[in-house]
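Here are my notes on the model. Please read them with the structure open.

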Amino acid sequence: MALRVVVVDDSGFFRRRIVEILNADIGIEVVGTAANGMEAIEVVKRLDPDVVTMDIEMPVMDGISAVRRIMAESPRPILMFSTLTTEGAKATLDALDAGATDFLPKRFSEMAKDEDSAKILLRRRVRALGRSRLRAGSQAHVESRDRAAFAEPAPVVTRPMTSLRAPVGTLPLHSLRAVLIGTSTGGPVALQEVLKGLPKSFPLPIVLVQHMPASFTPAFAERLNSLCQIEVKEAASGDVLKPGCALLAPGGLQMVLEGGGQTRVRIEESPLGTIYKPSVDITFNSAVSALKSQVLAVVLTGMGADGREGSRALKGQGAHVWAQDAASSVVFGMPAAVIDAGLADHVYSLKDFGPALVKGFC
């Protein structure tokens, strides 16, 4: 069965273009459109789509207000279209806070190297978000069935299958020197959830790699810093890793860790052919020589498999690796790649990462 999509934008031209692109995929069907946020709320309620694409600036009701209403009344994955400006970044982060799942640049030239690649990316993103809703619905059905069968169901403990369990990191957690976190789709909300739970006195430095455009990372770092007790800043070349401070990789570039007396970051251009900018694998791989086994690598929600090979390299040194579970992931791609490769020491629900970090290090 095709994924059902509603497209929301005040531009008739843009609506028609998105409809045409999505309907070209046999696995996607656009079942309705809306020209403003108020119409979107009514159309979503009537048609019950699997995914909604949403513009931000619209008459009558803007996209952020519409997202807030839809997520309160009939939650589902919502993909925002955003301009790659400072103002667009702040508005998109507001939309994610309101409950939107992911975002893409509104200009196709900013989305990918050519129009065909942009179309493929859009369809792939919609399919991934649609699958996340179907998976959540299936999980809800199972939980509902179990509640009906048992008056007091036993709590479910999420952990990797025994056959896939990796050897636990060779060093105790309290002897580690840094926490590295990599994420993509669903990451902005996930990082906020994890980092808000850490005290100002958190004893380790934290390195963050989030797939995000260059114009977004300054605003995202600023927002995290305002919400968290620890310090959060966009990384710059020469920054030293220090306890209680999280360094966010700048969008469009790569963040490399360098050892020596003090571990520092170096910001550099991407090698030719690099897909992700920043790349979790590049940062994780650089930690192999800079920090060796004295690392906890965490892979959160995201499309693709970025972070798997970096986790493999770190695991080879004896580092610890944690991954997010399927139920709490917006897209169970990156963490699934780590788990399926047998690299995860522990698999946690999103809400449990903060407490686990506090328990392990504080």
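**Sheet, helices and cores**

1. Start inside the sheet. Val6 stands opposite Val52 in E3. The model is predicted. Strand E1 (residues 3-8) pairs with E3 in the parallel sense, over 4 bridges.

2. Now the whole sheet. It is open and has 5 strands, in the order E2-E1-E3-E4-E5. The pairing is parallel. At the edges stand strand E2 (28-34) and strand E5 (102-105). Each has a single partner strand, so one side of each is left without a neighbour in the sheet. From one strand to the next, the twist averages 25°.

3. H3 packs on this sheet. The helix touches E3 and strand E4 (78-82). The direction of H3 makes about 175° with that of E4.

4. How do helix H3 and helix H4 pack, in angle and axis distance? Helix H3 covers residues 63-73 and helix H4 covers residues 86-98. The angle is about 10°, and the axes lie 8 Å apart. H3 is therefore roughly parallel to H4, as angles under 35 degrees count as such.

5. Which residues meet there? From H3 come Ile64, Val67, Arg68 and Met71. From H4 come Ala91, Asp94, Ala95 and Ala98. By class, the contact has 6 nonpolar residues, 2 charged and no polar.

6. Next, the cores. The largest nonpolar core has 59 residues. Met54, Val179, Ile206 and Leu208 have the most contacts inside it. H4 supplies the largest share of this core, 6 residues. A second, separate core has 32 residues, including Ala178, Ala249, Val321 and Leu343.

7. Met54 deserves a look of its own. Leaving aside residues up to four places away in sequence, Met54 touches Val8, Ala40, Gly63, Ala66, Val67, Ile70, Ile78, Leu79, Met80 and Phe81. Val67 is also one of the H3 residues that meet H4.

8. Last, Pro49. Where does Pro49 sit? Its place is the loop between helix H2 (37-47) and strand E3 (51-54). Is Pro49 buried or exposed? Its relative accessibility is 0%, so Pro49 counts as buried; the cut-off for that is under 20%. Along the chain, Pro49 and Val30 are 19 residues apart. Their C-alpha atoms are separated by 8.7 Å.

Terms used: Residues numbered from 1 in each chain as written. Predicted model: local features only at pLDDT ≥ 70, side-chain atom pairs only at ≥ 80, totals over all residues. Heavy atoms only, no water. Helix = DSSP H or I, 4+ residues; strand = E, 2+ residues; numbered from the N terminus. Buried < 20%, exposed > 50% of the residue type's maximum accessible area, 1.4 Å probe, protein only. Axes fitted to C-alpha atoms, helices over the stretch in contact; angles between N-to-C directions. Parallel < 35°, antiparallel > 145°, perpendicular 65-115°, else oblique. Contact = heavy atoms within 4.5 Å. Nonpolar A, V, L, I, M, F, W, Y, C, P; charged D, E, K, R; others polar. Pairing = 2+ DSSP bridges. Core = buried A, V, L, I, M, F, W, Y, C linked by side-chain atoms within 4.5 Å.
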